[in-house]
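Here are some notes to read alongside the model you are opening for the first time. Keep the viewer at hand and look up each residue as you go.

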Amino acid sequence: MPELLRVILFIIFVLSFAGLNAAYLVWCERKGAGHIQRRIGPKEVGPYGLLQPLADGAKLMTKQLFLPKGVDPVLFMVAPLMVMVPAIMSFLVIPFSETFVAREINIGLLMVFAFASVNVLGLLLGSWGSANKYAVIAGARCVSQNVAYEIPMLITTITMVMVTNTMNLNDIIRAQSGWFFHWHLFRLDISLLMPVAFLIFFVCSLAETNRAPFDMAEAESELIAGAYTEYPGMGFGVFFMGEYANIVIGCALTVILFLGGWQAPIPLDFGGFLGVLWGMFWFFLKLYALIFTVIWIRWTYPRTQFYGLLNLSWKVLIPISLFNLILTALQIKIFPWL
Amino acid sequence: MSGYFKELFDGTKSLFIGLGITAKYFFEPVVTMQYPHEHIEMTPRFRGHIELIGDEETGEPKCVVCGMCQKGCPTGCISLAGEKREGVKGKVLTEYILNFTTCSLCGQCVENCNFGALRFSRDFNLASPRKEDFIFDLIKRLKEQN
């Protein structure tokens, strides 16, 4: 039964990919933070501190899973899973290479967004279940932030779906084949505002994954640890893994929609197994370049104030993305041969 | 309306300038010192605990056991002893113990010494869980330095 074997292998791949990413992105984050602040970062545990994530994981796992007084035990325990599981589910439709994808379904993009919207529900339930005032404030902020940023993100996504005429992630990538100027980011003939759309999508994915400078869910200097305040040991750890898995998903979507996914910048096709590796190489190169940018942004900008955050979305991102939608529609209508 | 777009452009531009600054820092060498593995030489005027100065030629302490340091010490943390020896002019130092647990590093002993036999050491890394580690035998220390 090769199909069953394929599914099992993909489940193992996706789970280990999410876990390893969470572990080693923390390491990258700390190293990146260190060098940006002209420090070294972790260096004691293993060469270049490479075993630091294992030490952190062991520390988190040995901690007691303590239920504070007054928490809602079901919501409290379910919430981290509601952040982690949807993120992992989204990996199932991400095409790492043309044929290296667990399930190529024709509504892949919709599925990713459906699961991504569960993330905020998990944070809200966790913060409500914590029976902690800081957590509740963080939960409320998180919901209004996610509602505000989902709109420009989805408008931009609709624009891209209009351009490619499909929700199949692999087909979206195939529409960008050829030289690198066929990638949607550089297709000014489709929409003059394409680089702006890319920026809007990237900023919204930062906000959706609660990353700095939009990390209102954690906001450690104002709200202790925000929604995670009451979480001990691995409860916090799972939230953290979910956050990093969401970053990977957000960056993967940006790569797929705007940067040509697994397409190499030059039209070079090896075919066969080498072709799969060639595609994966370019996909991961673009993916990790974007993830590095996410880390770089975190250690460059201070956290925005909450009204600034909402103003940016409602006054800037939504009008511009709506304008981009209309402009793209017009350009497609006027130049239908493109 | 033009203010809106100006703010937008200026804001975006300043964000990219910020990214440029951190990118520059990212590739510059680190400035932190990996303290337990390496440390800098202490500054010359650092006032650590006292130590004896040896004679340049013989290496023996320059101390003549006058006891002025002991008399001047407000906390009484210095105890020293000397003896007369055949063929040597003056007294010879046989014991110089500094009880660093009570020393306040006031420097009266160094100030009082007329023979230039005492100075501040530049040791700062003195942490220990045991009290006995802070009873310094300065003659032993001088021999180790020679």
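This is a predicted model: local features need pLDDT of at least 70, side-chain atom pairs count only at pLDDT 80 or more; totals for chains, interfaces and linings use all residues.

1. Local features are described here only where pLDDT is at least 70, and side-chain atom pairs only where it is 80 or more.

2. Let's start with the open spaces. The largest pocket holds about 1400 Å³, and 38 residues line it. If you want to find its centre, look for Leu312(A), Val316(A), Leu8(B), Thr12(B) and Leu15(B), which lie nearest to that point.

3. Which helices supply the lining of the largest pocket with at least two residues each? From chain A they are H7 (194-208), H10 (272-298) and H11 (306-334), and from chain B there is H1 (2-27). H1(B) has the largest share, with ten residues. By class, the lining splits into 29 nonpolar residues, six polar and three charged.

4. Next comes the second largest pocket, with a volume of about 550 Å³. Its lining is made of 21 residues, and Val26(A), Pro53(A), Asp56(A), Gly57(A) and Leu60(A) are the closest to its centre. Three helices of chain A, H1 (2-36), H2 (52-62) and H9 (233-258), each bring at least two residues to this lining. H2(A) gives the most, namely eight. Here the classes are 15 nonpolar, three polar and three charged.

5. The largest cavity has about 170 Å³ of space, and 16 residues line it. Ala116(A), Glu208(A), Thr209(A), Asn246(A) and Ile249(A) are the ones nearest its centre.

6. Take a closer look at Asn246(A), one of the residues nearest the centre of the largest cavity. Asn246(A) sits in helix H9 of chain A. Is Asn246(A) buried or exposed? Its relative accessible area is 9%, so it counts as buried, the cut-off being under 20%. Beyond its neighbours within four places in sequence, Asn246(A) is in contact with Val83(A), Ala87(A), Asn119(A) and Thr209(A). Thr209(A) is also among the residues nearest the centre of that cavity.

7. On to the rings: there are 33 aromatic pairs over all chains. One of them joins Tyr149(A) and Phe214(A), a tilted pair with 5.4 Å between centres and 45° between planes. The two partners are 65 residues apart, with Tyr149(A) in helix H5 (residues 133-164) of chain A and Phe214(A) in the loop between H7 and H8 (220-223) of chain A.

8. Phe201(A) and Phe258(A) make another tilted pair, 5.8 Å centre to centre and with 55° between the planes. Phe201(A) is in helix H7 and Phe258(A) in helix H9 of chain A, so this pair ties together parts that are 57 residues apart in sequence. Phe201(A) is buried at 0% relative accessible area, and Phe258(A) is buried at 0% too.

9. What about charges over rings? The charged end of Lys286(A) sits over the ring of Trp183(A), 4.0 Å from the ring centre. Arg38(A) lies over the face of Tyr25(B), with 5.9 Å to the ring centre.

10. Finally, have a look at Glu95(B), in strand E3 (residues 91-99) of chain B. With 39% relative accessibility, Glu95(B) counts as partly exposed. Glu95(B) and Ala81(B) are 14 residues apart in sequence, with 5.0 Å between their C-alpha atoms. Leaving out residues up to four places away in sequence, Glu95(B) touches Ser79(B), Leu80(B), Ala81(B) and Ile139(B).

Key
Residues are numbered from 1 along each chain as its sequence is written. Chains are lettered from A and ligands numbered from 1 in the order in which they are written. Side-chain values use heavy atoms; hydrogens and water are left out. On a 1 Å grid over the protein atoms alone, a cavity is a set of points where a 1.4 Å probe fits but cannot get out, and a pocket is an open set with protein on both sides within 12 Å along at least five of seven lines; lining residues have an atom within 4 Å of a point. Grid points are joined across faces, edges and corners, and a volume is the space filled by probe spheres set on the points. Helices (H or I, at least four residues) and strands (E, at least two) are DSSP runs, numbered from the N terminus. Ala, Val, Leu, Ile, Met, Phe, Trp, Tyr, Cys and Pro count as nonpolar, Asp, Glu, Lys and Arg as charged, and the others, Gly among them, as polar. Buried means under 20% relative accessible area, exposed over 50%, partly exposed in between (1.4 Å probe, protein chains only). Contact means heavy atoms within 4.5 Å. Rings of Phe, Tyr and Trp (its six-membered ring) pair if their centres lie within 6.5 Å; planes under 30 degrees apart count as stacked, over 60 as edge-to-face and the rest as tilted. A charge sits over a ring if NZ of Lys or CZ of Arg is within 6 Å of the ring centre and within 35 degrees of the ring normal.
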